[in-house]
Amino acid sequence: MLAASCENVEYIDRTSSEEESKGVYEELDEILPPAETDENGEIKRRKFTIVTNDKTVFYNEEDVSGIVDKAVEDRNDFLFDKYGAEIVAKEVDPSKVASELKTALEAGVQYCDMLCLPAKTTVKLYTSGLLYDMNTLPNFDVGSAYFDERNAKSLATNSTLYLLPDTTAQIYDEINILYFNRELVNETAQKDPESLVMQGKWTWDSFNEICRAAAPTVYNKSSADIALDTFGFGAYYGEGVYPLAVWASTGEKVVGNTYKNQVGLSLTTAYMTEVCGKLVKSYNTRGRFPLEANEAMKAFTSGRLAFFSNKLSYFYALRDGTKKGSEYGILPMPKLSETQNGYYSLVGNDARVISVPMSLVSADDSRKRFVSSVIQATCAAGRKTIRDAYIAKYVVQYLNNNTETVMLQSIVDSAVFDFAYVYASGISEIRRTTTDALADYIEFGSSINSSVNRTIDAFNKYSEKNYG
């Protein structure tokens, strides 16, 4: 079954990736808005400054040969040829951006053209009134084909748009996924999780079955020995993160469809309780390792956890650029049921999102058109090329076989941003009614209905005041 599932899947090598990129740029050159020209009909050459926490995402001054770096370089060449945009990336400590932006606003100068910072930082800039509404940029349409269909509109705030998630910002390392111990799972379980993923049958029920098969002792006794027993699963980011990653895996959103729609609860408390009730069967069990962070990681690497939740970036440490760590595999988060439409793996709030500084308000119309065009072109050009380059990098440096490539592709394509999770990082009125209510039920059994009823008035007032 495994061989049959993989026979039509090919590695993404550097040559094929570069050839596909050329086709992408040729196509975009025809459909993107035209560039502004001077009186001689020549494209205007202008700097496009990006403030970010990692400038290599947009520009690398070194002569590097990395697959992702080459994709970034090709994208920048395209932006220069198409719009005369000379990309200038400034790396700034996220904690200093707010004060620097305030100073620029007071002085009436342009701070930068685009921000690309962690989502939790960007939410703070938003609540401080330091961001510009991208929906007011000339000819800007986040619903167009230039942007990621699954995520681009997910952080919209009714008629306004301040946070734009896009794969061109290299978000993949921040995806919450599951790792598994091959030896422990293969020796005890009758189901192979990688095969289940490829068949569309990787569900929380099958996860639970494998956990119980791999760690029968802890499921059958009232008090486990944390130092010695083998457990079904554990999480590096436990309380407040893993439960919400479990929730997000269902594809359900407490606050959804916020693009040009009033921001409010999308689900009834009864339905939220029903879904969470199904998830708890695989979460709040005796098979869960009760500690998190380094303690959970030690238990996993010592062979005492069948599954371990962590970010995708943890894979670097497991493999270390060698065959090391081949006993561990990677998986997207499971589905709630086989009928669910695809896999959903929550992107953490350390992932970068795109925004525009409020200082752009003083720019002339020509500058605003330039910013609008370059952002759209950056996302359109980077969406597929960065994805393919990222996977190709993994294939060359970390993956051992074709099946692992399929798993990585499934994870990358399952990445999802969640409105409630992102905005809850900086807005208590949203957090208490959404993520707190979900996590408290999954972790402690608190009533979702009571939690929502107690906080919904503050949530609605905040929404009406800020989102119209």
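1. The sulfur of C112 lies 10 Å from the closest cysteine sulfur, that of C116, and this is too far for a bond; a disulfide requires a pair of cysteine sulfur atoms within 2.5 Å. For the sulfur of C116, the closest cysteine sulfur is in C379, at 8.8 Å, again too far for a bond. A search of the whole structure accordingly returns zero disulfides. In general, a disulfide is a covalent bond between the sulfur atoms of two cysteines.

2. Are C112 and C116 buried or exposed? C112 has 2% relative accessibility and therefore counts as buried, and C116, at 0%, is buried as well. Buried here means under 20% relative accessible area, exposed over 50%, and partly exposed in between, with a 1.4 Å probe and protein chains only.

3. Please note the basis of these values: the model is predicted, local features need pLDDT of at least 70, side-chain atom pairs count only at pLDDT 80 or more, and totals for chains, interfaces and linings use all residues. Residues are numbered from 1 along each chain as its sequence is written, and side-chain values use heavy atoms, with hydrogens and water left out.

4. S249 is found in the loop between α10 (242-248) and α11; helices are DSSP runs (H or I, at least four residues), numbered from the N terminus. S249 is buried because its relative accessible area is 0%. Its side chain makes a polar contact of 2.9 Å with the side chain of W204. A polar contact is a pair of N or O atoms within 3.5 Å; within protein, one must be able to donate a hydrogen and the other to accept it, and residues adjacent in sequence count only if both atoms are side-chain atoms. Leaving aside neighbours within four places in sequence, S249 is in contact (heavy atoms within 4.5 Å) with W204, M333, P334, K335, Q340 and Y344.

5. Helix α11 (residues 269-283) packs against helix α18 (residues 435-444) at an angle of about 40°, their axes being 9 Å apart. On the α11 side the contact is made by M272, T273, C276, G277, V280 and Y283, and on the α18 side by L438, Y441, I442 and E443.

6. K384 is placed in helix α14 (residues 365-397). With 40% relative accessibility, K384 counts as partly exposed. The side chain of K384 makes a polar contact with that of D388, at 2.6 Å. K384 and V24 are 360 residues apart in sequence, yet 8.4 Å apart in space, C-alpha to C-alpha.

Methods: Helices (H or I, at least four residues) and strands (E, at least two) are DSSP runs, numbered from the N terminus. Axes are lines fitted to C-alpha atoms, for helices over the stretch in contact, and angles run from 0 to 180 degrees between N-to-C directions.
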